[in-house]
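Here's a quick walk through the model, one chain at a time and then the places where parts meet. Keep the 3D view open as you read.

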Amino acid sequence: MKNFGIAILLGLAVLCGCSAAYRSEHPEDLEFTPLAFELPQVETFQLANGVRVFFREDHELPLVSVTTMLNAGKIDEPENRSGLAELHATAMRSAGAGDMTADEIDAYLEMVAADLSVASDAYATTMSLSLQSADVEQGLQILGDMMRRPRFDAQRVELARRRMLENIRRQNDRPAVVARRAFLSALYRNHSLGRLPTLDSVGTITLEDLRAFHKRFFKPDNLWVAVSGDIDRAALEGYLNDALGDWSGRFDRPKDSETLPPPAPPALWLAYKDVPQTTLLMGERGIDKNDPDLYALRVLDFILGGGSFNSRLMQNIRTRRGLAYSVYSYFQVGRRLPGVFIAGAETKNSSVSEVTRLMRQEMQTLMQTPVTQEELKTAKESLVNSFVFAFEDTHEVVTRVMRLAFYGYPDEYLSRYRQRLAAVTAGDVLAVARRHLHPEAQTLIMVGNPEQPDDIADALGLPLKTVDLEGFSSEGESN
Amino acid sequence: MIASKAWRRLAAFFLCCLWSSVCQAQPLAEKVREHVFDNGLRLLVVERHNAPTFSAYITVGVGSVDETNGNRGLAHFLEHLRFKGTKMLGTRNYEAERPLLLAIEETGSALDELRRDPDAEKQEIARLEKRLQELQKKHRKFVVTDEVSSIYARNGAVGYNAFTSKDLTSYVVSLPSNKLELWASVEADRMANAVLREFYTERDVVLEERRRSYDSDPDGLLYEQMLATAFNVHPYRHPIIGWPSDIRNLSPAEARNFMHAYYAPTNTVIALVGAIDFEKAVSVVGRYFGNLTAGTPVPEVAAVEPVQKGERRVKVVFDARPKLLVAYHKPTLPAGDDYVFDVIDLVLGQGRTSRLYQSLVVEKQLVTQVATYGAPGSRYPNLFVISLVPRFPHTVEEVEQALYRELDRLSREPVSKKELERVRNRLRVEQLRDLQSNSGLAHMLTYFQTVAGDWRYLVEYDSRIASVTAEDVMAVAGRYFTDENRTVAILEGKGQRP
């Protein structure tokens, strides 16, 4: 590659006389000084009541960032209360805390230009606070109040519920959203990870449900805190002890014995929308964080569809054929239970059949033929050399270390990450492709108005089923 | 290329930058170092040594506003094409591939002409289509697909991308700090020697992008129709990506001419932010870009939007639930009234204590979301836009009336001291937050250098905002929030039960 580049360069210099004095040295012939980089250190300590703290000072600007995590997610919702974790997070933030009403909290935070948000995902409730260093004490008090003394004022809870219901009414407006929901519903079925909030489930959540959920999870030994910025450790410990030190109680951690029901049998699901382009998703259950194939799968995914313009899906469907603007794949690493493997694209209604075939074919090829050394090199070097960007932002450094500890990643995960990626061979990629990709047994979702859906289903060897957009209960399923 | 899908958020994003860009004169003015090369290329550098990385923004002051009837969509399409390599990169042998490129261009142009002709013979079209496919297949043998992307990736790049707005085009990437020269080498080569390969295939990609971001997306459609209604004359009325027939007729010759004239040092500002040394940056950039031909300055847009003489309304019927955009014409920076609109934006629409949130979301509960932003660009007079999501069963009419009452109140009652204090604090702290990110800062610097003509717009911004009074807000609200100056775009649902 290098020598070839020089040959071209010389050829050009002779043939076109190369305009002006422009130096067109091939970029791959440049030499670079090695990059000096050490993993930034993060301090950790614990309050007497079990609160775990991750901390890094950074005095560049007079700002402080705080992120907290607790085990309290979608996975913890009772069967008929889908949406509880989300409504709880919104209500914690917006329905008053301690001695302050919701309006008083907002008035204070916005006057000092502080940002505070609460969100929930599959496993955790996460709070994020960004403020000026002068306001840390007061900010941590409010954060502490929300965790220890949420008011759940009825009117504000109702407001939060109404906004959530409106979002549910609008969930069929965008094809991408429809596709994702249909996909998760088929893969996780009646498990809480696949049960999506409905008008009914959100409508029946009571204040008592919110309080019970809160009481169960909000305990000091279930709280993880990451802090970075313009503050020293002594001051931080003082403020944290003031806000949380006299908080007591023990978190009754659920047993990790959970399993998933089998996914819905493979099918081609069609959600009809009157639009000129079909949104396409295909995939299956993937891996969790303890899977030893994780590193080889990262390389595989880069080559298949995770490496943007360097991936096969992008090059063969977009760059060479112009069939899509966006086409990608993604191996989601499940934090506790297996995540999903997704490949997706959007293409005009007349080329859905071709794109579906090409996407499946790329997966099959990866299972049959080892990837080239060139592809392997690009994937590994990209993943290894861009690792430094995980540490560009101080707060991201601290939250990353906290998140890994929160989910029980091994201590040496970060320090050995590059080494493990670098060790992946073409044989490993082939082996994990065979182990983790099952193109013929994947779930496919089409949202749009694809031409000849029956023919597409026949070509794939899958039954064609219809997504019920109104109830969003899939045909033949009883959720 | 990927980010260009985000044109709509971009409008809001640029605005965010505007809000967040107040800079106490000292911090930013002292951090930014500047060098202008003889060919007009401007380099801005901010050294930040927290991590061994840097972000690079190359911003060319040419966007979709600089297009005319015959080449609409070209700025955005060129952004895609300029990822296809150069005479050196992306090819196995440029001299050998050239005849094929010419044949592809000839065939493609003939095909476009035939497709425009309603009397054209179908057979002839099919023959040319087949010929084009054969040529493209032959040409593919010379292409090293996405070679630059691969070089950057192997060297640890992240965020390799570009985006086009109404006003400008930016090419962006972040790299480990020892790769400054790699970046200069690749990007100077792109500026001097870009070859527009895979033209017709990429045109199909842009058509897919249009289907995705506009024709299948209710928000995209509504925004597009709002602009096309609010502007009659000024090119801000046209979508960045172009109308479908614009895209289908873009030609390689036009693309080359446009590129060779404008994508050149005289219209370009570069910002490098991160762990790099200023003197070294000047030397490396000078070595690679310093001898490039200056290029042609982008001419000012001559079209001037006439004063609007009455409310305009447009409906978009789509398989989605109702939404609403309300827009008012306003001046752009650095007009005094534009600073007042920045204050109005925060008072009305930013945060849980803002007036529209309090009134429409919390008290009346007519909408679930409200947002305010400036659009669609900043080089020319633009719009203040209010976006509203009605809550069932409330109607668009109810929401409109409630909105107008709040706008009217703004023109009759002075905003409180507390509201102004909140606005100033927010702007001051946001500028600090913006200094936390290499790429965010690089974006801001090249953006304001390009649309305001000088990044120091940011340095003065804080004091200009501090001088805005409650009376200014009342006067500006009264002057611009009138029925005559208003455009209302309504998304009307079809095919969905409540």
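This is a predicted model: local features need pLDDT of at least 70, side-chain atom pairs count only at pLDDT 80 or more; totals for chains, interfaces and linings use all residues.

Chain B has 19 helices and 11 strands. Its radius of gyration is 24 Å, close to the 23 Å that the globule rule gives for 498 residues, so chain B is as compact as a globular protein of that length.

## A six-stranded sheet in chain B

Now for a piece of chain B you can trace by eye: an open sheet of six strands, ordered S1-S2-S6-S3-S5-S4, with mixed pairing. Strands S1 (32-36) and S4 (158-164) of chain B sit at the edges with a single partner strand each, so one side of each has no neighbour in the sheet. On average, neighbouring strands here are turned by 15° against each other, ignoring direction.

Strands of a sheet pair through backbone hydrogen bonds, and they can do so parallel or antiparallel. Which way do S1(B) and S2(B) run? They're antiparallel, with five bridges joining S1(B) to S2(B), residues 42-47. To find a spot in that pairing, look for B:Val36, whose bridge partner in S2(B) is B:Arg42.

There's a helix to look for too: H7 of chain B (residues 180-193) lies across strands S3 (53-60) and S5 (169-176) of chain B. Helix H7(B) runs at about 150° to S5(B).

## Chain A: overall build

Over in chain A, you'll find 17 helices and 14 strands. The radius of gyration of chain A is 26 Å, close to the 23 Å from the globule rule for 479 residues, so this chain is as compact as a globular protein of that length. Its C-alpha atoms fill a box of roughly 75 × 60 × 45 Å along the principal axes.

Of the 479 residues in chain A, 47% count as buried. Among its contacts between residues at least 6 apart in sequence, 80% link residues at least 24 apart.

## Two domains in chain A

Chain A is split into domain 1 (43-244) and domain 2 (268-473). The C-alpha centres of these two domains of chain A are 30 Å apart. Where they touch, domain 1 of chain A puts in 24 residues and domain 2 of chain A puts in 27 residues.

On the domain 1 side, the elements giving two or more residues are strands S2 (52-57), S3 (63-71) and S6 (223-229) plus helix H6 (175-188), all of chain A. H6(A) supplies the largest share of that side, nine residues. By type, the domain 1 side divides into 17 nonpolar, four polar and three charged residues.

## Where chain A meets chain B

How many residues of each chain are in contact across the interface? It's 76 residues of chain A with 73 residues of chain B. On the chain A side, the elements giving two or more residues are helices H1 (2-16), H3 (102-111), H5 (154-169), H11 (312-319) and H13 (373-385), along with strand S12 (340-348), all of chain A.

The most comes from H5(A), with six residues.

Note on methods:
Residues are numbered from 1 along each chain as its sequence is written. Chains are lettered from A and ligands numbered from 1 in the order in which they are written. Helices (H or I, at least four residues) and strands (E, at least two) are DSSP runs, numbered from the N terminus. The radius of gyration is taken over C-alpha atoms; the globule rule is 2.2 Å times the number of residues to the power 0.38. Two strands pair if DSSP finds at least two bridges between them. Axes are lines fitted to C-alpha atoms, for helices over the stretch in contact, and angles run from 0 to 180 degrees between N-to-C directions. Two residues are in contact if their C-beta atoms, placed from the backbone, lie within 7 Å. A residue is buried if 20 or more other C-beta atoms lie within 10 Å of its own, exposed if 12 or fewer, and partly exposed in between; C-beta atoms are placed from the backbone. Domain bounds come from an automatic or database domain assignment. Ala, Val, Leu, Ile, Met, Phe, Trp, Tyr, Cys and Pro count as nonpolar, Asp, Glu, Lys and Arg as charged, and the others, Gly among them, as polar.
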